[in-house]
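Please take a moment with the sequence and the structure shown below before reading on.

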Amino acid sequence: MSDGKKKTEATRLASSGRPHQRPSHPVTYPPERASTILFPTYEDFTATEREFFYGRFGTRTHRAFEASIADLEGAAHVYLTPSGLAAVTLCLLAFAEPGSHILVTDSAYDPVRGYCDRFLKRMRVETEYYDPHIAGGIAGLVRDNTAAILAESPGSLTFEIQDIPAIAAAAANAGVPLLVDNTWAASVYFKPLAHGATVSIQAATKYIGGHSDCLLGTIAVNDPSAERKIGNCLRQIGSNASADDVWLAHRGLRTLSARLPVHEANGIALANWLEAREEVVCVMHPALESHPDHALWQRDFTGATGLFGFELPPCSEVQLAAFCNALEHFGMGYSWGGFESLCIPVPVHKYRTVLPRPAPGSERGPLMRIHAGLESADDLILDLERAFAAFAAAG
Ligand SMILES: Cc1ncc(COP(=O)(O)O)c(C=O)c1O
């Protein structure tokens with residue numbers, strides 16, 4: 001089959017962005033590290049078309065990975081940033097002007113709120129948080145000076161699914177770029193650009209890297225004016241992604257299509273098991289029928305990854321500690337998307353203004369975030385069983 005469009009995504013993930021150098025080449029471009037790039041002649045040095053001219057603008061390692069991400073996202077241009085957070089913040093910076101207004105979902109990854117409320121505020125950019133379920137109603141919040149809309153679906157920690165096509169239609173109508181943090185779906189199970197977003201952002205740190213050992217952000221865009229703004233912002237700021245991390249992410253991308261179905265199956269198995277436990281107040285997993293946005297998830301997504309939440313009953317800190325400390329296979333640590341399972345309490349109540357959530361106490365229990373890794377689901381369930389036994393014993 002010679003037409004690249006006919007290849008399945010698994011095939012394209014395995015084969016895109018290869019060097020194709022004659023007479024031979026490695027399968028994935030190795031880390032080509034450089035600050036200085038030498039030009040053998042004056043003519044080469046002064047040529048107008050120089051693909052590589054300074055390491056900060058990337059090397060062949062970067063171009064190869066960018067080509068793979070462009071293929072995955074259906075994008076004409078891809079930019080890389082040193083972390084997923086930098087991909088979000090630099091995109092917002094690219095569009096925001098002093099005196100402008102931006103719309104950010106209340107369910108955004110919480111450090112993004114810190115950036116908006118402190119850094120952008122100092123630049124006289126006003127951030128307005130909106131209900132993640134706003135859908136086409138976002139049109140009512142758009143002002144003459146609205147510079148960008150940021151969506152994240154499912155939302156961080158509370159897993160609301162946003163109606164991206166409806167938000168995209170309203171944004172396009174108002175001429176405002178829509179940026180989507182699509183890290184959860186890894187741009188395999190949801191394609192923001194195909195659903196009308198201007199920019200698709202990912203923390204490649206998570207599923208793409210897949211091994212919890214690199215930090216990287218990707219920004220994918222088709223619109224030429226948005227592409228210019230983002231490219232200029234990154235160049236002027238001096239942002240650069242390390243060739244080592246880009247190589248690790250490219251290596252991770254090769255196995256993404258094999259890993260994601262295991263994360264999905266384990267995540268759903270754990271979520272179903274938790275839902276059947278009488279101690280559990282609720283499970284927040286978009287693939288479960290009980291999820292309020294399940295129908296939207298079914299309409300727009302082609303699968304689920306391994307990250308979801310659940311609420312424990314109101315409990316003491318001693319009980320919460322007993323639960324966490326009884327876990328053997330689930331690690332306690334930040335980030336997600338790697339091969340290993342994680343389980344942590346998440347203080348959502350600190351990060352919501354539109355949909356405030358009470359702090360854990362006598363009314364509400366702690367919210368937990370699970371990342372289902374690649375271990376056996378049976379072992380993970382036994383681990384949770386131990387944790388619930390420890391929780392009860394400490395009560
Ligand atoms: C949804 C989402 N976006 C962005 C990021 C930031 O990624 P990084 O850790 O690479 O800065 C995270 C990290 O947890 C995240 O969960």
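How far apart do the C-alpha centres of domain 1 and domain 2 lie? In this predicted model, the C-alpha centres of the two domains lie 27 Å apart. The domain assignment of the protein gives domain 1 as residues 4-254 and domain 2 as residues 256-393, and the contact between them takes 42 residues from domain 1 and 41 residues from domain 2.

- The largest pocket has a volume of about 610 Å³, and among the 34 residues that line it, Tyr-109, Pro-111, Lys-206, Trp-336 and Arg-369 are the closest to its centre.
- Because domain 1 and domain 2 both give residues to the lining of the largest pocket, this pocket lies between them.
- At least two residues of the lining of the largest pocket are supplied by each of helix 4 (84-95), helix 5 (110-122), strand 6 (199-203) and strand 10 (342-345).
- Sorted by class, the residues lining the largest pocket comprise 19 nonpolar, ten polar and five charged ones.
- The second largest pocket has a volume of about 460 Å³, and its lining is made up of 21 residues, with Phe-57, Arg-63, Glu-66, Tyr-79 and Arg-235 lying nearest its centre.
- Helix 3 (60-73), strand 1 (77-81) and helix 7 (224-237) each supply at least two residues of the lining of the second largest pocket, and this lining divides by class into eight nonpolar, six polar and seven charged residues.

**Nonpolar cores**

- In soluble globular proteins, nonpolar side chains tend to be buried together.
- The largest nonpolar core of this model holds 60 residues, and those that touch the most other members are Phe-65, Ile-149, Leu-178, Trp-184, Ile-208 and Leu-256.
- Helix 6 (residues 164-174) gives the largest share of this core, namely five residues, while domain 1 and domain 2 each contribute at least three residues to the core.
- A second, separate core consists of 31 residues, including Ile-102, Val-125, Ala-147 and Ala-148.
- Which residues does Ile-208 touch, not counting residues up to four places away in sequence? With that limit, Ile-208 touches Phe-65, Ile-69, Leu-72, Gln-202, Ala-249, Gly-252, Leu-253, Leu-256 and Arg-259.

- Asp-300 is found in helix 10 (residues 294-300), and it counts as buried because its relative accessibility is 8%, which falls under the 20% cut-off.
- When neighbours within four places in sequence are left aside, Asp-300 is in contact with Pro-165, Tyr-189, Phe-190 and His-195.
- Thr-127 has its place in strand 3 (residues 126-130), and with a relative accessibility of 17% Thr-127 also counts as buried, since this value is under 20%.
- Thr-127 touches Ile-102, Val-104 and Cys-116, not counting residues up to four places away in sequence.
- Although Thr-127 and Ile-102 are 25 residues apart in sequence, they are 5.0 Å apart in space, C-alpha to C-alpha.

**Cis peptide bonds**

- Arg-22 and Pro-23 are joined by a cis peptide bond with an omega of about 5°, and Pro-23 has its place in the loop between helix 1 (9-15) and helix 2 (42-46).
- The peptide bond from Ser-153 to Pro-154 is likewise cis, with omega near -5°, and Pro-154 is found in the loop between strand 4 (146-152) and helix 6.

**Positive phi angles outside glycine**

- Arg-124 has a positive phi of about 65° although it is not a glycine, and this residue is found in the loop between helix 5 and strand 3.
- Is Arg-124 buried or exposed? Arg-124 is exposed, because its relative accessible area of 58% is over 50%.
- Ser-212, which is not a glycine either, has a positive phi of about 55°, and its place is in the loop between strand 6 and strand 7 (217-221).
- With a relative accessible area of 45%, Ser-212 is partly exposed.

Note on methods: Residues are numbered from 1 along each chain as its sequence is written. This is a predicted model: local features need pLDDT of at least 70, side-chain atom pairs count only at pLDDT 80 or more; totals for chains, interfaces and linings use all residues. Side-chain values use heavy atoms; hydrogens and water are left out. On a 1 Å grid over the protein atoms alone, a cavity is a set of points where a 1.4 Å probe fits but cannot get out, and a pocket is an open set with protein on both sides within 12 Å along at least five of seven lines; lining residues have an atom within 4 Å of a point. Grid points are joined across faces, edges and corners, and a volume is the space filled by probe spheres set on the points. Helices (H or I, at least four residues) and strands (E, at least two) are DSSP runs, numbered from the N terminus. Ala, Val, Leu, Ile, Met, Phe, Trp, Tyr, Cys and Pro count as nonpolar, Asp, Glu, Lys and Arg as charged, and the others, Gly among them, as polar. Domain bounds come from an automatic or database domain assignment. A nonpolar core is a set of buried Ala, Val, Leu, Ile, Met, Phe, Trp, Tyr and Cys residues joined through side-chain atoms within 4.5 Å. Buried means under 20% relative accessible area, exposed over 50%, partly exposed in between (1.4 Å probe, protein chains only). Contact means heavy atoms within 4.5 Å.
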